[in-house]
2 protein chains.
Amino acid sequence: MIQKIGERTLGFTDIPRIIGFGSAVGKKEGEGPLSAWFDKIYTDTTMGGETWEKAEAALQKTTVKLAMDAGGIESGDVDFIFAGDLLNQCISSSYGLRDYGIPFLGQYGACSTMAQTLAMAAIAIESGAANIAAAVTSSHFCSAERQFRYPLQYGGQRTPTAQWTVTGSGCAVAAGYRNGLFCGPHDKITASGDINLKRQVGISRVCIGKIIDMGITDANNMGAAMAGAAADTIAAFLRDTGTTQNDYDLILTGDLGKVGTDLMYELLERDNISIQDKHKDCGLLIFDTETQDVHAGGSGCGCSASVLCSYIMKRMRKRELGNVLFVATGALMSPTIVQQGESIPGVAHAVNIITTE
Amino acid sequence: MIQKIGERTLGFTDIPRIIGFGSAVGKKEGEGPLSAWFDKIYTDTTMGGETWEKAEAALQKTTVKLAMDAGGIESGDVDFIFAGDLLNQCISSSYGLRDYGIPFLGQYGACSTMAQTLAMAAIAIESGAANIAAAVTSSHFCSAERQFRYPLQYGGQRTPTAQWTVTGSGCAVAAGYRNGLFCGPHDKITASGDINLKRQVGISRVCIGKIIDMGITDANNMGAAMAGAAADTIAAFLRDTGTTQNDYDLILTGDLGKVGTDLMYELLERDNISIQDKHKDCGLLIFDTETQDVHAGGSGCGCSASVLCSYIMKRMRKRELGNVLFVATGALMSPTIVQQGESIPGVAHAVNIITTE
């Protein structure tokens with residue numbers, strides 16, 4: 001059952017369970033601090049594709065397969081797939097997933113999309129609309145640079161506030177769980193080997209974000225553009241649930257990077273909210289910002305997706321983490337509208353992921 | 001309550017009610033056969049904006065206000081807005097809606113987006129996740145031509161199979177309805193004047209589409225690219241629900257145009273399904289294809305949105321139509337991937353809209 005909590009948080013009494021997840025990244029990400037946690041590291045950034053767009057589509061195709069395999073299910077068992085990416089018309093999702101034949105619901109929340117797809121999957125499952133739903137996003141450094149900034153061959157200089165778009169994808173597959181049984185093909189899921197009936201990971205609450213515009217017009221300072229949305233959603237979630245940072249093992253933002261993180265702290269302090277002790281940012285976890293020349297950190301839909309669906313969920317399965325508030329943030333702009341002088345609105349969605357007995 | 005019907009159709013026992021809807025279109029659409037049905041016709045295609053992208057954003061902002069006003073509610077009463085458009089990074093939605101402060105869930109299904117947003121709004125309401133949810137999409141001829149084809153100044157020739165992107169937007173606001181009461185601010189809704197408690201319009205069933213690739217590579221023949229998806233979803237819906245065209249007053253596709261419509265009929269005939277007697281296409285309703293030089297018909301997210309949220313829903317309110325199967329179709333491509341030689345996958349979602357006593 002879905003319960004409204006406070007102003008705009010939703011609670012799921014049955015807690016949809018994440019039965020499988022998978023991650024795949026490029027060479028640079030595979031050389032970073034989380035190297036050991038990814039399921040697949042491509043050393044060739046074309047992923048065997050002819051173009052970078054096709055490479056990115058291949059990333060999504062790969063992680064969906066990894067997640068379904070981990071959950072012991074096949075594409076025919078999945079009721080809906082919620083998918084999105086940063087490319088124009090979300091082609092990584094449509095081309096990456098077209099062979100699976102899964103009812104498809106494209107989502108667009110820029111770099112907040114992984115939280116959005118997880119939230120939509122959880123709502124679909126908890127409402128009974130789906131037994132099993134998948135959530136997947138991706139990004140690719142080369143396709144993103146060409147589309148949002150300059151072709152790589154141009155050799156454009158990067159500003160200190162710029163972030164490095166992660167080449168990667170993450171997919172999570174969730175299933176309903178009622179009276180000790182998984183909804184859908186219970187036997188297939190429990191036979192997968194990955195599922196320990198007593199030690200699971202599930203989605204307990206979500207909070208959908210509002211569009212927040214901080215007036216930032218610098219397309220090389222996305223962290224700042226998204227900080228206001230992150231602060232707004234985190235404050236709303238904590239207020240709605242009557243919790244503080246002390247109730248969480250980790251508050252994990254998507255890709256604010258260094259600049260955005262500091263700004264978010266400052267905005268939250270104005271509401272007397274401190275999260276510093278429990279906060280990490282996927283964009284700062286995936287790269288070593290000292291040695292990997294990524295300036296303010298990693299970014300892109302694939303950043304939070306690949307970190308969540310590897311390092312975070314694997315540690316939750318091991319019980320090294322128990323209660324995680326995942327808050328992915330997106331900058332809802334396009335190069336066209338920024339060139340027209342517009343500021344960059346942001347959005348952030350929160351997904352509370354917990355371990356269950 | 002949400003009930004699964006057959007393979008992939010969902011039924012809503014409480015039937016979320018459409019409490020308000022609104023439409024706004026450009027000059028050419030205002031000169032077409034549906035002229036008298038639109039709420040607002042702009043004679044200046046910039047809608048007072050500085051650019052065509054800002055003009056399109058203004059269209060969404062306008063129709064959301066029209067729909068909220070018709071329903072007697074304000075932005076603070078809306079739990080979620082599901083919104084999408086065709087522009088890169090869906091900027092018509094994010095910029096058009098940023099001032100409302102409504103929790104925002106961007107949807108991308110190309111020209112299928114109006115059906116997708118309505119389906120998501122219905123699921124959110126029926127699950128209890130929302131009392132009130134809005135669904136809105138838009139398109140604009142000038143922003144679409146520049147982005148998908150050529151700048152207007154270039155004066156590119158159009159092929160006979162080409163369709164004319166509609167400058168328009170439609171928004172529907174839906175509310176839960178239980179035990180004779182609207183969920184949320186019942187008194188505000190019933191005081192609106194637009195709501196007749198005994199003669200309403202609601203969403204009874206939805207069917208989410210799969211990605212179907214017909215192998216079409218001609219970006220000027222979108223109707224053909226989408227016909228397979230339309231046929232697949234219509235066939236699935238009729239099979240799941242055990243109904244035929246005779247059970248509907250109207251089967252309304254989004255923007256298949258002439259070429260796509262004929263191809264869809266042919267594909268459905270292979271499954272021994274005939275819908276010709278009850279079928280209309282929004283792309284063929286909105287323009288007079290004989291006199292308005294639109295070749296194969298209208299297209300774009302705003303085509304089905306503006307036709308549904310004017311001509312169709314107003315006729316349903318008047319009881320001239322009772323049971324409508326709305327099937328919007330989308331071509332999930334981008335110019336980049338088509339230039340890379342890829343075929344164009346399509347998707348179609350079905351929403352069954354009915355009158356209720």
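The expected span is 1.5 Å times one less than the number of residues, and helices (H or I, at least four residues) and strands (E, at least two) are DSSP runs numbered from the N terminus. This is a predicted model, in which local features need pLDDT of at least 70, side-chain atom pairs count only at pLDDT 80 or more, and totals for chains, interfaces and linings use all residues. Residues are numbered from 1 along each chain as its sequence is written, while chains are lettered from A and ligands numbered from 1 in the order in which they are written.

**Around helix H8 of chain B**
- Buried residues of H8(B) are Gly257(B), Val259(B), Gly260(B), Thr261(B), Leu263(B), Met264(B), Leu267(B) and Leu268(B); a residue is buried if 20 or more other C-beta atoms, placed from the backbone, lie within 10 Å of its own, exposed if 12 or fewer, and partly exposed in between.
- The cover over these buried residues includes helix H7 (222–241), strand E15 (279–281), helix H9 (282–285) and strand E16 (298–299) of chain B.
- Just after H8(B) comes Asn272(B), with a positive phi of about 60°.

**Two loop residues with positive phi**
- Met47(B) sits in the loop between strand E4 (40–41) and helix H2 (52–71) of chain B, and its phi is near 45°.
- Met47(B) is buried, with 21 other C-beta atoms within 10 Å.
- Asn179(B), in the loop between strand E10 (177–178) and strand E11 (181–182) of chain B, has a phi near 55°.
- Asn179(B) counts as exposed, with 5 C-beta neighbours inside 10 Å.

**Chain A as a whole**
- Chain A holds 11 helices and 18 strands.
- Its radius of gyration, taken over C-alpha atoms, is 19 Å, close to the 21 Å that the globule rule gives for 357 residues, so chain A is as compact as a globular protein of that length; the rule is 2.2 Å times the number of residues to the power 0.38.
- The C-alpha trace of chain A spans about 55 × 50 × 35 Å along its principal axes.
- Of the 357 residues in chain A, 63% are buried.
- Among contacts in chain A with a separation of 6 or more, 79% join residues 24 or more positions apart; a contact means C-beta atoms, placed from the backbone, within 7 Å.

**Domains of chain A**
- Chain A is divided into domain 1 (13–190) and domain 2 (200–356), with bounds from an automatic or database domain assignment.
- The centres of the two domains, taken over C-alpha atoms, are 18 Å apart.
- In chain A, 51 residues of domain 1 are in contact with 56 residues of domain 2.
- H4(A) gives the largest share of the domain 1 side, seven residues.

**How the chains pair**
- The same surface serves both copies, as 100% of the contact residues of chain A recur in chain B.
- Chain A and chain B each bring 48 residues to the contact.

Terms used
Two residues are in contact if their C-beta atoms, placed from the backbone, lie within 7 Å.
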